Structures are given as C-alpha cells and as structure tokens.
Amino acid sequence: MIWQAICIALATAFLWRVLVSLKQVVSWRNAMKKLPTPPGAHWLFGHQKQRPFDPGFKWLLDTVKAFPRVYTLWQGPIPFPVLVHPETIKPLLTGTVASKKSPLYKLMADWLGEGLVTSNGAKWKRNRRLLTHSFHLDVLRTYTSVYNDCVEVLLGKMDQLAVQGKPIDVNRELVLATFDVILRTAFSYKSNCQLQELPKEEGLDVFSACETMTRFIQERQFRNPFLLIPLVFRLSSGYPEYKKAFQYLRKLAQQIIEERTKEIAQKMEAGNPITKPRDFLDTLVMARDADGKGFTTKEMSDEVNTFMFAGQDTTSTSLTWLLHILAKYPEHQTKIREEVKEILADRDSDRITSKDLSRMEYMTLVIKESMRMMNAGALVTRTVTVPYKVEGVTIPAGSTVFLGIHQLHHNPSVWGHDHMEFKPSRFLPENFSQMDPFAYMPFSAGARNCLGQQFALNEMKVFLGRILMRFRLSLVDGEPEPVPQMNLVTKPMEPLYIAIEHLHGN
C-alpha cells in the first residue's frame with residue numbers, strides 16, 4: 001500500500017508539472033502571436049522552410065527591413081521574440097527589465113561550465129568583480145609586446161607567401177596567431193603553435209579540441225534542433241567525440257591550474273611571493289573576495305576554458321572580415337598606412353607601443369565600421385525574468401528572446417538605407433553622437449558587456465598596423481565574395497584568401 005501511495009503521488013506530481021508546463025506554453029504562444037510575424041510560418045515547423053539562418057543572412061536582412069523593431073521567429077512550434085532596434089533591446093541590457101542568460105547557453109556547460117559567458121546572478125557578479133583586474137588598462141599595456149611578437153611570426157609566414165606569389169588563407173592564419181596571443185597572455189605559455197603542431201594526447205590538442213566543441217555546439221544550435229534534447233544528443237553517433245574533447249579540455253585546464261598553484265605556493269614558502277599577477281592565470285589563482293575566499297579549482301577551470309574560447313575565436317574572426325574589407329576597399333588601407341607611418345616616423349622599428357594605440361584614430365573608425373558590417377556575434381539570447389511589455393505586447397516572464405545584433409547593425413530605420421555601404425565616417429564623433437548608444441553592440445552592452453573588449457581592440461590595432469606597414473592587400477582574381485555563416489561566431493563558409501604584395505622598399 002505504501003509503495004502504491006508513493007507511485008500515485010509521484011504520478012500525480014508529474015502530471016501536474018506537465019499540465020502547468022502546457023499552460024505556460026499555451027500562454028507564451030498566445031502572447032507571441034500578437035507580435036508581428038514574418039509570413040510563411042507553419043503551425044508545426046515554424047519558419048524552417050524560410051531557412052532564417054541560412055548563409056548570407058538574406059532572410060535576416062529582408063526581415064529587419066519589414067519589421068524594424070521586433071518580430072516573432074517560430075523555431076518549429078516554439079515562438080521567439082527577436083529584438084532588432086535600440087529601443088526594444090536597451091531595457092534588457094540596462095536592467096530596466098530583469099533578464100538572464102537563456103537556456104541555450106547550457107549547450108556550452110560541458111565546456112565552459114559556469115564561467116563569465118554562461119553564469120548568472122550572484123556567481124556572475126562575484127566572478128566578474130574578481131576578474132576585472134585582469135583587464136585593467138595598466139595590465140593591458142603589458143600585453144602590447146606580446147601582440148607584436150605574435151604578429152611578427154605571422155609576418156614571416158606572409159613574407160614567404162608574398163615572395164612565392166601565393167595568397168594567404170587569412171582566417172586559418174589569424175586563428176593560429178590569435179591563439180598564440182591567448183596562450184602567451186593568459187598562461188605565459190609560448191607554444192610556437194603558428195609554426196608547429198601542439199603536443200597531442202589521444203589525437204587531441206587544445207586547438208583541435210576547441211574546434212570540436214565549437215562544431216558540435218553550433219550543430220545543435222543552428223542545424224539539428226533534435227540534438228537540443230540531451231538524451232537524443234547523448235545517444236547520437238557524435239557524442240563520444242564530443243565527450244572526449246570536453247574531458248580533454250577540462251583535464252588540461254586542471255593541469256595548468258595545479259601547476260601554477262604549486263609554483264605560487266613554492267615561491268611564497270621560499271620567501272619570494274608573487275605580489276602582482278603576471279597574467280590571467282595568476283589573477284585566477286590569487287584572487288580573493290571580501291571574505292578572503294578565492295576561486296575553486298572548478299571555477300578556475302571554467303574561466304580558463306572561457307577565456308581560451310572567447311578571447312581567440314571572436315578576435316580572429318573580426319580580423320578576418322576586417323582584412324577582407326580593406327582588400328576590397330584599398331583607399332582605406334592607404335589612409336590607415338599613412339596614419340601609422342606618421343606615428344612611427346623616425347623610429348628604427350615598426351613595433352607598435354601601447355601609447356601609439358590611442359593615436360590610431362582613423363584605424364579605429366575603420367575597425368568599428370568593419371565590426372558593424374560583420375560582427376562576430378550575430379545573435380545573442382536572454383530570458384526575461386519579469387514580464388516585458390514591448391510594442392504593446394507583454395512577453396511573459398520566463399520567455400527566451402533573441403537580440404538580433406546583425407539585424408540591429410543593418411536596420412535601415414537605425415543606420416539608414418545605405419547600411420550595406422562601408423562608411424567609417426559613421427563613427428566620427430559628430431556623427432555617432434547623434435545615434436542611440438545601443439545602436440552599435442559588437443561587444444554586447446550594459447552590465448554584461450564583453451570584459452575583454454579593449455584587449456581585443458588593442459590586439460586588432462597592433463596586428464592591422466604591422467600588416468599594413470609591410471603589405472598591400474587585394475582581392476584574389478576569380479575568388480567569389482565570401483558568404484557569412486552563422487555559427488557561434490560568424491565565419492566565412494569557405495576559406496577566405498587574400499592576395500598580399502610587399503610594399504616598395506620592404
């Protein structure tokens with residue numbers, strides 16, 4: 001009798017949860033139907049036939065033109081409000097409307113755990129506060145020499161290609177170069193990864209393991225929605241490869257942390273303590289909150305993997321699109337080159353210093369416009385924790401909403417009908433001051449903006465300045481226009497080649 005009672009109670013509780021969930025889904029769907037919706041949504045498959053995330057982003061561009069503030073995207077039978085205007089996005093990012101990272105970020109949980117990208121609430125606030133020191137301006141200045149060292153390896157490889165008359169596979173080489181930067185600045189580890197393969201363990205190194213994780217996450221998020229169901233994914237043929245990759249990355253991060261913790265402890269015992277963090281890893285090991293508590297090994301591992309992913313893939317992708325744009329519009333190349341020449345005048349070396357970065361005014365305009373044209377993060381998601389009224393419709397608490405960053409940056413009602421033209425002058429102070437600050441969000445905005453954005457911008461400036469001082473970039477004859485594809489970051493569908501030519505006298 002007791003077991004029967006327990007079974008009945010459990011069955012009743014389960015049924016009640018199902019009914020409550022169904023009621024919430026019906027309420028959610030009814031609310032979303034009141035928002036404008038692009039035509040053609042099927043009652044079961046939603047906008048799947050329209051293929052909204054297809055490479056090239058044509059559907060996204062057409063849709064933001066027709067629905068310039070908010071619209072409902074149906075992913076199968078589930079509706080998602082998509083916010084594409086500063087006035088509809090701002091309340092979520094400024095805290096006017098309470099929100100948190102959406103459940104879609106759980107796709108990264110096996111890899112990034114509860115690092116800054118994926119965590120919420122008090123944990124995120126504490127970790128953000130403890131890690132902010134790593135990106136203080138005084139710390140960032142010390143990294144400029146590392147940027148120079150890493151780009152010099154890349155320049156040597158470009159020298160050989162230019163002599164042979166061969167184009168450069170720009171994204172591939174920039175991925176290696178920016179990964180070199182991350183390993184040196186975050187962990188003081190000179191891997192030589194630009195010139196030779198990293199040591200492997202059971203066929204994996206840190207670079208290939210990160211690529212594997214990225215591939216599976218974007219497959220689940222954009223290609224095969226059935227794999228979003230945890231049980232289905234765990235039973236899929238690809239899961240063993242995925243599991244092997246994230247276990248490798250967890251183990252590697254733990255080894256790195258244990259070695260550094262041991263080193264710091266030994267120095268302290270020897271009476272020669274480290275009083276100032278030398279890199280990101282030192283900050284993790286030495287950080288303490290107001291109660292004197294530091295990061296656990298698991299928390300440090302989460303942040304190590306977060307920094308390796310977020311600090312490399314986005315920067316290499318942004319640089320890839322930037323170099324392509326400059327190859328396409330050489331007049332901006334010339335202006336940047338003249339600016340850098342003036343800054344480096346009367347020097348024996350073309351190494352760029354931290355003091356030079358603030359003087360690169362035209363280069364900054366070009367970088368900003370390049371990141372507007374093609375931002376690494378085309379789409380981010382949030383879950384509203386309180387009801388949010390937008391365009392007269394109340395989005396229920398618990399709803400997941402999309403922030404369409406690519407659509408925001410190409411919204412004709414925000415940027416004008418020439419939004420597809422490359423115009424760095426948009427970011428001149430007298431022009432950009434007329435814009436809503438939330439019209440441009442390459443690093444997100446508000447309290448959860450990217451902590452490493454200045455790190456990335458400084459790196460891009462050093463790389464671009466050094467490359468343009470030595471080479472002229474141009475499009476490869478016969479190569480088609482690169483097609484952007486929405487993944488975790490927006491990369492070209494196919495390898496992107498750029499022709500390079502030594503400047504006269506170099």
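Predicted model: local features only at pLDDT ≥ 70, side-chain atom pairs only at ≥ 80, totals over all residues.
Residues are numbered from 1 along each chain as its sequence is written. Local features need pLDDT of at least 70, side-chain atom pairs count only at pLDDT 80 or more, totals for chains, interfaces and linings use all residues, and side-chain values use heavy atoms, with hydrogens and water left out.

Helices (H or I, at least four residues) and strands (E, at least two) are DSSP runs, numbered from the N terminus. Helix 9 (residues 206-223) and helix 11 (residues 239-269) have axes that come within 9 Å and cross at roughly 130°; axes are lines fitted to C-alpha atoms, for helices over the stretch in contact, and angles run from 0 to 180 degrees between N-to-C directions. Helix 9 is therefore oblique to helix 11 (under 35 degrees is roughly parallel, over 145 roughly antiparallel, 65 to 115 roughly perpendicular, the rest oblique). Contact, meaning heavy atoms within 4.5 Å, involves residues including Val206, Phe216 and Arg220 in helix 9 and Glu241, Tyr242 and Leu252 in helix 11. The residues of this contact comprise 11 nonpolar, one polar and three charged (Ala, Val, Leu, Ile, Met, Phe, Trp, Tyr, Cys and Pro are nonpolar, Asp, Glu, Lys and Arg charged, and the others, Gly among them, polar).

Three strands form an open sheet in the order 4-12-9, with antiparallel pairing; two strands pair if DSSP finds at least two bridges between them. Strand 4 (168-169) and strand 9 (471-475) lie at the edges with a single partner strand each, so one side of each has no neighbour in the sheet. Strand 9 and strand 12 (residues 497-502) run antiparallel and are joined by five bridges. Arginine 472 has glutamate 501 in strand 12 as its bridge partner. Helix 21 (residues 453-470) packs on the sheet and touches strand 9 and strand 12, its direction making about 95° with that of strand 9.
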